[in-house]
Amino acid sequence: AIDKLVDMYFNGEGVKRDLNRAVEWQKKLISIDKKSYDKKRSMDNAETLLYDMKGLSSKYFFINLHEERKRIDLEIIELCDQIVSKYSKYRFFMIRSVKKRFLVYKAEALDDLGNISLKNNNFEEAEKYYSEALKIRKIIKGKWDYEEDVISSYCNFADLARKRGDLKQALDFYNKCIKIIGQDKGSYYLKHCSFDVALIYRCVADIYFDLGDYKHAEEYRIKAIELFMMKVIEEKSSASLYYISSEYSGLAEIAGKNLETNRQLEYLENALQYARDYVKNSNYENRYIILCYALIDLGDYYFSNNNDEQAKAYYSEAHDIANEKFKNSDDYSCIKCLIQSIRNLGIFYKYAEKQDKSRALVLFEKAVTLAENKVELSNSVYTVAQIVYDYLNLSTLTLDHQKEKEYLKKVDANYDKLEKISSHENGKITCASCAITLGDYYGQKNDITSMEMYCKKAIFFAKQVVLERSKLSKKKMIFDCYMKLGEIYIDSDCLLALDN
């Protein structure tokens, strides 16, 4: 009965989805499991306890309680070690299938710990946990289950390499996965694990895109779509509809890079259609997020192509849906989506042919207030950078000189915060890009001191970026910084201008 209550609250079956209530019931389930295990100390009781502890760990992931998740994963590892130590002397336990059951739980818990470390940019610790998990998988190796588990480990190492900025190493790990999977359409993995293979293909496409290899990025996005389509046809998989929409958005981005505007529009419309299908066929509480982003992408397309009427229609629909569905939400992703819909509408009213600056001002104030009030959002690199841009927009929209000063103080304060939390490569790219924008802004205001300071900051961060992903982008970023400094010095010091 408790197990059913957990499922009801977690999946929103017959009741409103409530992850916190699901966690409460899962804890009660574990409490009963622990009493049974303490009383009997049998392997069956231990396995039931491990299964439910793993369930609690995954639920902590969904509500972003990573320290609690870490605590549970460590308990899982400790219990697995106790069982293996206690029963290893018995012949029946040494049978691979029996021992494997407990070692699999340990490997999965180590993966979770690695994922938590990776999220906190603790790369060495993440590598240690992932390596321990892979070592266990090699101990318990069999044919299919071993290969599936090894693929999981290789994917973790690929994620680690991507976070470190070594995209070529990440690609090497994914290619190892693809080698195991095989390219023959009759292969075991393409027949029985097509959804998981499609997820790998989309990661490969992301890497090729970041490396500027749009041809291979497009190839793997199309491969992913084909596999997701199979799941829709065979199983009516609503999750696959979500990913098909996402992949079409990725194809639209590639078409945009290749200046193929007609194909870009076609892909964006496909992305929107599959997002609408996903919303109709899914019961997932946050299903409207992808629909809002698909609408925003189409709004961006039409706005950049000077069709203000169509752009406004898509931006407004995205904002109306997000406001209706997410205004009372505490979920990180929902609030982030709502803020983005508000921000895009603000940008539209600021720059559209028929400007409405007072409305844009209200929207940017609403966006920045929401972002600053959500702790988890306000401590992420992306959000802090967006807060910088929001206050910058507010400073240009307000007619109150005192307000403008206050906004600019917040621009500087949030940029300082951005520098402090940007320890990894992507953060440094964000700092450099943000500093270029601020340098340009202060240059237009004839505040040469501030312009020079931010341009030098941009160069400092751009030079620290050692990613393989964008040698050309990195060079362009540094080039733009020196051009800005050249503009600063051109009137006052021709030698420095010439040097830059």
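**Helix geometry and packing in the predicted model**

Helix 14, which comprises residues 288-304, contains 17 residues and should therefore span 24 Å at 1.5 Å a residue; its end C-alpha atoms lie 24 Å apart, in agreement with this expectation. The structure described here is a predicted model. Just after helix 14, Asn 306 adopts a positive phi of about 65°.

Helix 3 was examined in the same terms. The 20 residues of helix 3 reach 29 Å from the first C-alpha to the last, close to the 28 Å expected at 1.5 Å a residue. Helix 3 is followed by Asn 64, which has a positive phi near 60°.

Helix 3 (residues 43-62) packs with helix 4 (residues 66-87): their axes come within 9 Å and cross at roughly 160°. Because angles over 145 degrees count as roughly antiparallel, helix 3 is assigned as roughly antiparallel to helix 4. The crossing of the two helices is left-handed. On the side of helix 3, the contact is made by Met 43, Ala 46, Leu 49, Leu 50, Met 53, Lys 54, Leu 56, Ser 57, Tyr 60 and Phe 61. Helix 4 contributes a set of residues including His 66, Arg 69, Ile 72, Ile 76, Leu 79, Cys 80, Ile 83 and Tyr 87. By class, the residues of this contact divide into 14 nonpolar, two polar and six charged. In general, an α-helix has 3.6 residues a turn, so residues three or four places apart point the same way.

A further helix pair is formed by helix 17 (residues 357-373) and helix 19 (residues 381-397), which pack at an angle of about 150° with their axes 9 Å apart. Helix 17 is thus roughly antiparallel to helix 19, and the crossing of helix 17 and helix 19 is left-handed. Helix 17 contributes Lys 357, Ala 360, Leu 361, Phe 364, Glu 365, Ala 367, Val 368, Ala 371 and Glu 372 to the contact, whereas helix 19 contributes Thr 383, Ile 387, Asp 390, Tyr 391, Asn 393, Leu 394 and Leu 397. The residues of this contact comprise 10 nonpolar, two polar and four charged.

Within helix 11 (residues 214-235) lies Glu 218. The relative accessibility of Glu 218 is 19%, and the residue therefore counts as buried, the cut-off being under 20%. Leaving aside residues up to four places away in sequence, Glu 218 touches Leu 251, Ile 254, Arg 263 and Tyr 267.

Key: Residues are numbered from 1 along each chain as its sequence is written. This is a predicted model: local features need pLDDT of at least 70, side-chain atom pairs count only at pLDDT 80 or more; totals for chains, interfaces and linings use all residues. Side-chain values use heavy atoms; hydrogens and water are left out. Axes are lines fitted to C-alpha atoms, for helices over the stretch in contact, and angles run from 0 to 180 degrees between N-to-C directions. Helices (H or I, at least four residues) and strands (E, at least two) are DSSP runs, numbered from the N terminus. Angles under 35 degrees count as roughly parallel, over 145 as roughly antiparallel, 65 to 115 as roughly perpendicular and the rest as oblique. A crossing is left-handed if the near helix is turned anticlockwise from the far one by less than a right angle, and right-handed if clockwise. Contact means heavy atoms within 4.5 Å. Ala, Val, Leu, Ile, Met, Phe, Trp, Tyr, Cys and Pro count as nonpolar, Asp, Glu, Lys and Arg as charged, and the others, Gly among them, as polar. The expected span of a helix is 1.5 Å times one less than its number of residues. Buried means under 20% relative accessible area, exposed over 50%, partly exposed in between (1.4 Å probe, protein chains only).
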